[in-house]
Amino acid sequence: MEQPRANKPSHRPALTSLFKGIAVFVMLVCIVPYIGVLAAALTGSFDTLNNLAETVLGRYTITTLILVALVMAGAAFIGAGAAWLVTMTDFPGRRWMEIALALPLAFPAYVLAYGYTHVLDHPGIVQTLLRDLTGWGPRDYWFPEIRSLGGAAMMLTLVLYPYVYLLARAAFAAQGSSTFLAARVLGRSPFSAFMHVSLPMARPAIASGVMLVAMETIADFGTVAYFGVQTFAVGIYTSWFSLADRAAAAQLALGLLSFALLLVMLERTSRGNAKYTSGRRNAPLQRLTLSKGQKLGAFLFCLTPVLLGVVLPVIALSIMAVGSQQDLLSPRYLGFIRNSLTLAGIAAVLTVLAALILGTLHRVSTSRLTGTSLYLARIGYAVPGGVIAVGLLVPFAAFDNALDSWMRATFDISTGLLFTGSIWLLISAYLIRFLAAAIGAYEGGIASVAPNMDAAARTLGQDIPGLVRRVHMPLLRTSLLTAGLIVFVDVMKELPATLIMRPFNYDTLAVQAYRLASDERLEGAAVPSLVIAAIGLIPVILLCRKIGTGRA
């Protein structure tokens with residue numbers, strides 16, 4: 001780490017002011033979509049919304065609530081159960097399962113939907129083989145419908161349970177072993193001790209993971225749209241494109257935004273009221289000894305979500321890709337890859353820089369302004385990409401149209417659309433959506449930097465930019481890299497914001513996969529889907545290496 005020089009104090013008030021100005025700018029950018037959604041919802045016509053209320057609005061609400069409840073329950077059961085097994089018990093393959101259980105996080109839910117539809121749908125491999133073996137006709141048997149609310153819940157559960165798993169695993173690993181052993185000594189069975197001791201102590205972490213799952217569920221568009229499940233996210237997209245009514249889209253977005261903010265408040269209330277303590281790790285964590293049957297059961301419990309969430313989809317998509325006749329090296333596909341990497345790379349760099357600036361200002365000069373900035377930055381992760389897209393496009397489209405009209409009337413010059421449909425407005429949506437993830441990674445790293453290091457650097461004449469460059473960035477290199485990778489992959493997977501806001505004829509891998517799947521060309525959709533999933537494995541593996549395994 002470069003040492004500050006005491007004999008050459010750094011007094012650059014202009015750079016410090018620029019630092020603060022950027023923080024204020026980021027805060028304003030984060031506010032714009034919420035104001036845009038509110039203004040468009042209240043000032044537009046309510047005719048379309050009234051028609052939707054009489055027809056499908058109730059279905060949107062009920063379906064969204066049922067989907068969220070199913071995914072939350074499934075993710076909590078799989079995530080918490082698998083986390084406890086790999087942390088507190090010993091069975092063959094446990095160390096491999098610790099990492100494998102987190103891998104589904106790299107897959108977008110719509111990618112799994114394409115793979116499972118190809119396998120389980122009526123013309124798919126399984127049902128075709130069943131009819132060939134039995135001679136049954138299409139109406140001679142019953143088979144679960146994959147394109148359904150239950151199918152969407154299954155896809156989302158398989159890719160989102162790692163949120164609960166990672167947080168619960170870290171919580172279980174941090175627990176003192178004395179409390180669990182005391183419960184066993186007092187006659188509790190292993191299951192009873194888990195339910196009455198380990199699980200309550202890990203409840204805040206599990207609740208946080210479940211809230212993240214709920215937020216991602218309401219934000220999902222690709223899976224529910226492909227399966228024909230009518231949720232609020234689908235309603236927003238339908239109102240925007242099919243009905244060409246931006247006011248109705250904004251009104252639906254406002255309802256979804258309110259639900260997302262309610263989830264944020266519930267998560268913070270749950271975390272704030274939790275007073276559990278893990279105690280001291282005054283004894284090595286002793287894993288439970290399982291019988292042969294129990295070892296087999298633990299292994300199968302952990303293996304099942306890995307098979308369903310990673311292995312089977314990859315096999316199905318690979319088979320589909322081989323017969324798709326899609327050339328990944330063609331100029332067209334290279335353009336999709338280039339567009340995806342460009343958007344993801346720029347968004348990752350800007351988002352990490354914004355997180356670094358906001359976090360540093362709040363650390364060195366805590367105030368209401370810096371606290372508010374961080375709060376607004378974190379809200380974006382709970383807001384669906386479609387809501388952010390509507391909130392940004394409505395005000396900027398109005399500004400572009402007003403500017404163009406004034407330039408025509410005054411100078412007889414058309415300025416066109418300067419902001420609407422631009423790459424930078426789309427990147428702004430990504431920044432708002434994923435800034436919370438970058439802030440979380442920054443805060444996780446900065447917690448290990450003692451405050452007296454900041455004080456020493458300031459005493460030696462370093463201003464805020466100098467503190468960041470000479471002290472924080474060298475120490476936070478790993479955390480910032482992890483934050484950038486997480487944002488990079490999240491942008492690669494993001495679908496609704498990209499569909500709504502992308503520039504004309506500027507498609508990405510996610511858009512190409514969605515377009516081919518919408519045309520029922522699943523073999524073609526497998527190629528971009530596999531590329532997205534392959535890139536997504538990088539930050540997931542890095543994240544697994546950072547989290548403590550709690551090994552004995």
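This is a predicted model: local features need pLDDT of at least 70, side-chain atom pairs count only at pLDDT 80 or more; totals for chains, interfaces and linings use all residues.
R515 is partly exposed, with a relative accessible area of 31%. D507 is buried, at 7% relative accessible area. Elsewhere, salt bridges that share partners join D90, R94 and E98 into one network. The count of salt bridges comes to 8.

**The D90 and R94 pair**

Select D90 and R94 next. Their closest N and O atoms are separated by 3.4 Å. R94 counts as buried because its relative accessible area, 6%, is under 20%, whereas D90 is partly exposed at 40%.

Now move to G93, in the loop between α3 (57–88) and α4 (94–100). This glycine is partly exposed, with 31% relative accessibility. Display the C-alpha atom of C302 as well: it is 9.7 Å from that of G93, although the two residues are 209 apart along the chain.

**The R433 and E494 pair**

Select R433 and E494, a salt bridge with its closest N and O atoms 3.9 Å apart. The pair links distant parts of the chain, 61 residues apart: R433 belongs to helix α18 (residues 423–446), and E494 to the loop between α21 (477–493) and α22 (496–501). R433 is buried at 4% relative accessibility, and E494 is buried at 8%.

**Into the nonpolar core**

Which residues touch the most other members of the largest nonpolar core? They are L101, Y114, Y165, L435 and M501, in a core of 167 residues. Centre the view on L435. Leaving aside neighbours within four places in sequence, L435 contacts V26, C30, T351, A354, A355, L358 and A377.

T351 is buried, with 0% relative accessibility. Beyond residues up to four places away in sequence, T351 touches L431, F434, L435, A438 and V487.

Select L307, V311, L312, I315 and I319, which make a nonpolar surface patch of about 400 Å². V311 lies in helix α14 (residues 292–322) and is partly exposed at 32% relative accessibility.

**The whole chain**

Of the contacts between residues at least 6 apart in sequence, 83% join residues at least 24 apart. The chain exposes about 24700 Å², of which carbon and sulfur atoms supply 65%.

Notes
Residues are numbered from 1 along each chain as its sequence is written. Side-chain values use heavy atoms; hydrogens and water are left out. Patches are made of residues with over 30% relative accessible area and no salt bridge: like charges are joined within 9 Å, nonpolar side chains (Val, Leu, Ile, Met, Phe, Trp, Tyr) within 5 Å. Accessible areas come from the Shrake-Rupley method with a 1.4 Å probe; for residues, only the protein chains shown count as cover. A salt bridge is a side-chain nitrogen of Lys or Arg within 4 Å of a carboxyl oxygen of Asp or Glu. Helices (H or I, at least four residues) and strands (E, at least two) are DSSP runs, numbered from the N terminus. Buried means under 20% relative accessible area, exposed over 50%, partly exposed in between (1.4 Å probe, protein chains only). A nonpolar core is a set of buried Ala, Val, Leu, Ile, Met, Phe, Trp, Tyr and Cys residues joined through side-chain atoms within 4.5 Å. Contact means heavy atoms within 4.5 Å.
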